[in-house]
Amino acid sequence: MRKSIFFGEICRMGRAASGEFDEIFAALHRLGIEGFQFSDREIAQAGDERLLYAMQRQGMDADVIHTVVPLLSADDGIFRAAAHSAKDTLALLRRFSCKRLMVVALPVSDVAGEVDRPRAMRRMIEGLSEIAHEANGQGIDVYIENFSKALLPYTSVSDIEQILDALPTVKYTFDVGNFICVGEDPFAAYARLRDHVSLLHLKNFSHTEKGNGILCADGRYVEGLPFDQGQFDMPRFLRTCTTDGGRILPVIEHNGRVTFEDIKRSAALVDQLLS
């Protein structure tokens, strides 16, 4: 089945900085990885022309491009500029023939505590609706994702359901690791949200020393590992997703410093259990 990978994985391997795109793209393509998830900033830093030509030489695509904009802000000027910036990103998607725009509404510091959550959610929904309206008119789908509490105040399954109910034209990315970080059971979360899922961010974690990884809601830290390692039962989860494989794009993500062999092992597990 088709699978994608975060371009950031290559950045952490040091390949993006040196510009060795042809070699690493060819190696990824041999693993059956056919596309990337980029951030708009990564494209700007690496150079859109260089990326486009390197992908074209290997027959690879930009499957997802994400942008980070402050849609939670109570300041109307900041909010309007954020929505405008996200819509400007659509030109980049057209250039890359990409049909998926992920909008990440950061930072959580724009939300003044629990009492401000309803206001910020309404604001975010307003912005996403406006962005989706313009994107859909260009044949592009807008996606949201569940994040950790350190990044967004809306982390529970109920939060996601409320947002999606208000945004019928917006699609959803299920992130396994982010549910782990907020203390939600990924299996139970997937059972409730599976009908909404169109993208799947796959990662596996192990607990690590403070400061060496991602901070979780329980105060512990985790780091990313190949999918056949770590404390999450990735094989069981992938088997759970098997019947949805035809409509969901899996995206490989480790959230840690990885080697090509790590990516190879993770890609092999996805092939084995999702194909």
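Biologist: Why is the crossing of H8 and H10 called right-handed?

Modeller: A crossing is right-handed if the near helix is turned clockwise from the far one by less than a right angle, and left-handed if anticlockwise; the crossing of H8 and H10 is of the right-handed kind. The model is a predicted one, in which local features need pLDDT of at least 70, side-chain atom pairs count only at 80 or more, and totals for chains, interfaces and linings use all residues. Residues are numbered from 1 along each chain as its sequence is written, and side-chain values use heavy atoms, leaving out hydrogens and water.

Biologist: What makes H8 and H10 roughly parallel to each other?

Modeller: The axes of H8 (residues 157-166) and H10 (residues 186-193) cross at roughly 20 degrees and come within 10 Å. Angles under 35 degrees count as roughly parallel, over 145 as roughly antiparallel, 65 to 115 as roughly perpendicular and the rest as oblique, so H8 and H10 are roughly parallel. Val-157, Ser-158, Ile-160 and Glu-161 of H8 meet Ala-189, Arg-192 and Leu-193 of H10, a contact judged by heavy atoms within 4.5 Å.

Biologist: How do you know that Tyr-190 counts as buried?

Modeller: Buried means under 20% relative accessible area, exposed over 50% and partly exposed in between (1.4 Å probe, protein chains only). Tyr-190, at 0% relative accessibility, therefore counts as buried. Tyr-190 belongs to H10 and touches, among residues more than four places away in sequence, Phe-174, Val-197, Leu-200, Phe-237, Thr-240, Cys-241, Asp-244 and Ile-248. The C-alpha atoms of Tyr-190 and Val-157 are 9.0 Å apart, although 33 residues separate the two along the chain.

Biologist: Why does Glu-42 count as buried?

Modeller: Glu-42 has 18% relative accessibility and therefore counts as buried. Glu-42 lies in helix H4 (residues 40-46); beyond four places in sequence, Glu-42 touches Phe-7, Gly-8 and Gln-37.

Biologist: What makes H11 and H12 oblique to each other?

Modeller: H11 (residues 234-241) and H12 (residues 260-274) have axes that cross at roughly 40 degrees and come within 9 Å. H11 and H12 are therefore oblique, and their crossing is right-handed. Met-234, Pro-235, Leu-238, Arg-239 and Cys-241 of H11 meet Leu-269, Val-270, Leu-273 and Leu-274 of H12. The residues of this contact divide into eight nonpolar, no polar and one charged.

Biologist: Which strands form the closed barrel, and how are they paired?

Modeller: The barrel of eight strands runs E1-E2-E3-E4-E5-E6-E7-E11 with parallel pairing; two strands pair if DSSP finds at least two bridges between them. E6 (residues 171-175) and E7 (residues 197-202) run parallel and are joined by four bridges, and Tyr-172 stands opposite Val-197 in E7. E3 (residues 61-69) and E4 pair in the parallel sense over five bridges, with Ala-105 in E4 as the bridge partner of Val-69. H11 lies across E6 and E7, at about 165 degrees to E7.

Biologist: Why is E4 described as largely enclosed by the rest of the structure?

Modeller: Five of the six residues of E4 (residues 100-105) are buried, so E4 is largely enclosed.

Note on methods. Axes are lines fitted to C-alpha atoms, for helices over the stretch in contact, and angles run from 0 to 180 degrees between N-to-C directions. Helices (H or I, at least four residues) and strands (E, at least two) are DSSP runs, numbered from the N terminus. Ala, Val, Leu, Ile, Met, Phe, Trp, Tyr, Cys and Pro count as nonpolar, Asp, Glu, Lys and Arg as charged, and the others, Gly among them, as polar.
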